[in-house]
Amino acid sequence: MKFTDGYWGIREGVTPHYAVHVYDVDVEPGALTVYAPTRRVSHRGDTLNLPLLTARFSSPAENVIRVQVWGHKGRVPRKPEFTLYPQPPPDVVVHNDERAATLTTGQLTVRVEKAGDWKVQFTDGDKTITESGWRALGIMDTPEGRFIHEQLALGVGEYVYGLGERFTPFVKNGQTVDLWQEDGGTSSEQAYKNIPLYLTNRGYGVFINHPEKVSLEIASEKVERVQFSVPGEHLDYFVIYGPTPKEVLDRYTALTGRPALPPAWSFGLWLTTSFTTNYDEATVTGFIEGMAERDLPLHVFHFDCFWMKAHHWVNFRWDEAVFPDPMGMLRRLKARGLKICVWINPYIAQRSALFDEGMERGYLLKRPDGSVFQWDKWQAGMGLVDFPNPEARRWYGDKLRALVDMGVDSFKTDFGERIPTDVVYFDGSDPMLMHNYYTQLYNRTVFEVLEEKLGKGEATVFARSATTGGQQYPVHWGGDSTATFESMSESLRGGLSLGMSGFGFWSHDMGGFELTASADVYKRWCAFGLLSSHSRLHGSNSYRVPWLFDEAGYDGPTASDVLRFFTRLKSRLMPYLFDAAVEAHEHGAPMLRAMPLEFPDDPGCDTLDRQYMLGGSLLVAPIFSPDGKVDYYLPAGRWTNFLSNAIVEGGRWVREMHGYLSLPLMARPNSIIAVGANEQKPDYDFADGVTFHIFELADGATTSARVPTLEGETTLTVTATRAGQQIRVQVEGATQPWSLVLRNVAAARSVEGGVAQIEAQGVRIIPNTGTGAITIQL
C-alpha cells in the first residue's frame, strides 16, 4: 500500500504523522520505551495538539528484538493472535545515556539516537544490519482509514526473500505484496500461503506479528527500504538476527512452532484419482495394478473430491453409487501395502447431510443478522465451519475419526483461503484477522485428529493454505499449477519462497494440475517431484499414470521408466533425506533449500531460482526445457554428479545436456551421503545395509553424517577426517552391515579395519565384523 507521491510528496487525501525525533526514553529491566512526537518539540507549547508515537523494544529470545508501536493504545484487543512460544530468557543489556539508548541481546543491538532526526539502528557490533530513519515510522490518515507503517533500510546489493509461497520472482525487491489469502493458482501474484516473514541476504529476518492483511512495498515505493503497513495504529514486529539465514529460521520456528516430523511413508510416491476424471474402484484398482505390472513402486493412493457425491461436499460419506463397499475397498488397497488419503475442505454444502446438523447446533459461520453465511462459490449454498468454536471442531473432527477408523491414513486439507469477512465468529474473532488465520484452525484440527488416532509421528496432511504457525502441520503443496515448463518453474519459485518462510516440507502436482502435459514435461516434472520432500502425481481433468503419456515403442526412456528410476532413487536416498527431515523438524531448515540459505557468503547464489539444495549436501537443477539443456551455478569446490559420477569444478555457471534419466544432482564436496539398501519403499530400517558415500574430502577436512530411525532418533553417526593421503572413518552405533564408498577414488594402498573393493564409482570399503574405525591410505 502506497502513501507517498514520489520521494517528497504525499498522496492526495493522506495525512502523515511521522516519528520526528526522540522526546523521552523510559528504561525498565530488559526493555526500552521510546516516545516520539510527530513534529519537532522545541518548547513546551510544541507538546500540545499532536500525536505521540510510543515504541517499546524488548527481547523474547537471544538475537531477537521485538518492536511494539502504538499511536492510541486503548484499543479493544482483537483476536486471533499468532501463538508465540516462550523461549529461554536471554541476557539483555540496556543502556541509556545522553546520546542514545541501546538494548543488546546476543549479537544484536538496537540503538535509538536521541539527538537529531528519528533514527533507530539494528547492529551487530559496528555493522549496521538495518535501520528505521527519516519518515520511516508513522501513522497515515487516509480516505480508507488510519494505517501505521514502518520502513526498514535496504543496503546495496541486499535482496529480500520469503513472505510465504509466492510464485512471483524469488527475489522480492521491486514488488508490492499484500498478505491476503487467495485461491489464485500458481500463475498469479496471489498466494495460498501468506506468511508475514521476510529474510534478506544480510543475515536477518523481519516477522510482522499481524494475522490480518499486511501490505509490503519492497524496494518499490521507496527503493532503499522495505515498508510494511497494517490498518489501525498498533504495529508489532520482530527483528531476528542469525547471523546466518538458517539461524534466522531456527529462531523464527522456535518462536512460532517447529515443523512436525512427517512419517517416513509419506515421502514415498503418491498417486491420485485426479479431480474431475471418472473413477470407481475398478479404475483405482486398474491404476494400482498397472503400476505393479510395470514395477513402479507406489506407496500412497489419494481419492480426490468425487469420493463424495457431487453437491454434497463435504458430508464425509463415500458415494455408494461409485464405491458401494468402501470399507472392503480400503481393506483391499491396504492389503497391497498402500496408505490411503482422501480429499476434504472446511465447507459444508447445503445438500450435505451435515448442513442442517451444523446449522441447528450453531457450528457454521453466521452473518451479522444471525443467519448462516452461505454462497455458491465452489459448492451450492455452502456454509463454513466455525472453527473458533471448540464444539464445532470436535464435531468436524468426529467425522474424520470415523474415516480413520475405516482405514484412512491422511487427509488432503484443500481450500481454506476463500474466507468471507462479513461474518460473526463464535468467540468474537475479528473477521479481518480470521481471513488469513482460518486455515490455521482448520489444519490444526485435522492434524490433531490424525495424531490422536494414529499416534505422534504418524500424522500428515496435504494442505494448500497456511499462515504463520502452519509449518507445524505438514505437508503443504503448491496448489493449482499448469502442465507446462513455465508453471513447473513458477512452482519451484513458490516452494523456495515458502522454505524461506519457515516451512520444512513442500510438494507440488507432478505433471501439472490443469491441462495435460506432454510426455517431455511429465518426465522432467517427475524427476523434479521425486527430488522434492514429498512427491504426488495429481491432475485436474486427466489422469497422471505414466503409461498414458507414452508407452512401449517410444524411442527412449518411457514415462514409466523415468518414474520408476526416480522413485527408486528417492527410496535409496531416504537415510539422507529423512535426516534432512529431522533437521527441518528440529531447527526449521527446509528440506528444499534456496541456494542463499545454504551458501549465504556466495553472492553468485543470491538470485538463483531454478535450482536448490535438497538437504545440505545435494544440489538439484531441474530441466525446464524440451531440448534437455540446463544452466546451473555451482559454488566453489569439486562437485560430483551423484548419478554419473562426473566431477564438475564449481565457482562458475555450467551448461549441460541431459536425457530423461539424468539431471544435475550434484553432491557437495566434503560431504557424506547415506544411501539405503531398499529401493522399493521409503519406510525401512535405514541403518541395515547403509552405504556412506564420501565425496571429495579435502586435506584437513572433517565431515560427518547421521542415520535416523523411523522415529527420527539417531541410530548411526559417521565421521570422516582426511590428513594428507590418509582418511580415518569412525562409525558409532552400528549393529548391522554397512559400507563406505570413496567416490572417484581409483585405489587404496592399504585399509585398516576393512577390505577394499574397486568399483565403477570408486573404492568400496567393507568393514571387518564389529569394526567401527577404519583407516584408509590412498
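Residues are numbered from 1 along each chain as its sequence is written, and side-chain values use heavy atoms, without hydrogens and water. Because the model is predicted, local features need pLDDT of at least 70 and side-chain atom pairs count only at pLDDT 80 or more, while totals for chains, interfaces and linings use all residues.

**Exercise 1.** Determine where Pro88 lies and whether Pro88 is buried or exposed.

*Solution.* Step 1: Locate the residue. Pro88 belongs to the loop between strand S7 (64–70) and strand S8 (92–96). Strands (E, at least two residues) and helices (H or I, at least four) are DSSP runs, numbered from the N terminus.

Step 1: Apply the cut-offs. Buried means under 20% relative accessible area, exposed over 50%, and partly exposed in between, with a 1.4 Å probe and protein chains only. Pro88 is exposed because its relative accessibility is 63%.

Step 2: Compare sequence and space. Pro88 and Ala153 are separated by 65 residues in sequence and by 30 Å in space, C-alpha to C-alpha.

**Exercise 2.** Describe the salt bridge of Lys246 and Glu598.

*Solution.* Step 1: Recall the criterion. A salt bridge is a side-chain nitrogen of Lys or Arg within 4 Å of a carboxyl oxygen of Asp or Glu. The structure contains 48 of these contacts.

Step 1: Check the distance. Between Lys246 and Glu598, the N to O distance is 3.1 Å.

Step 2: Lys246 is in helix H1 (residues 245–256) and Glu598 in helix H11 (residues 595–598), so the pair links distant parts of the chain, 352 residues apart.

Step 3: Classify the partners. Lys246 is partly exposed, because its relative accessible area is 26%. Glu598, at 11%, is buried.

**Exercise 3.** State which parts of the chain the pair Asp631 and Arg655 ties together.

*Solution.* The side chains of Asp631 and Arg655 form a salt bridge at 2.6 Å, N to O.

Step 1: Asp631 lies in strand S35 (residues 629–634) and Arg655 in strand S38 (residues 652–657), so the bridge ties together parts 24 residues apart in sequence.

Step 2: Classify the partners. Asp631 has a relative accessible area of 28% and is therefore partly exposed, whereas Arg655, at 57%, counts as exposed.

**Exercise 4.** Classify Arg764 and Glu759, which form a salt bridge.

*Solution.* Step 1: The closest N and O atoms of the two residues are 2.6 Å apart.

Step 1: Arg764 is buried, with a relative accessible area of 18%, and Glu759 is partly exposed at 30%.
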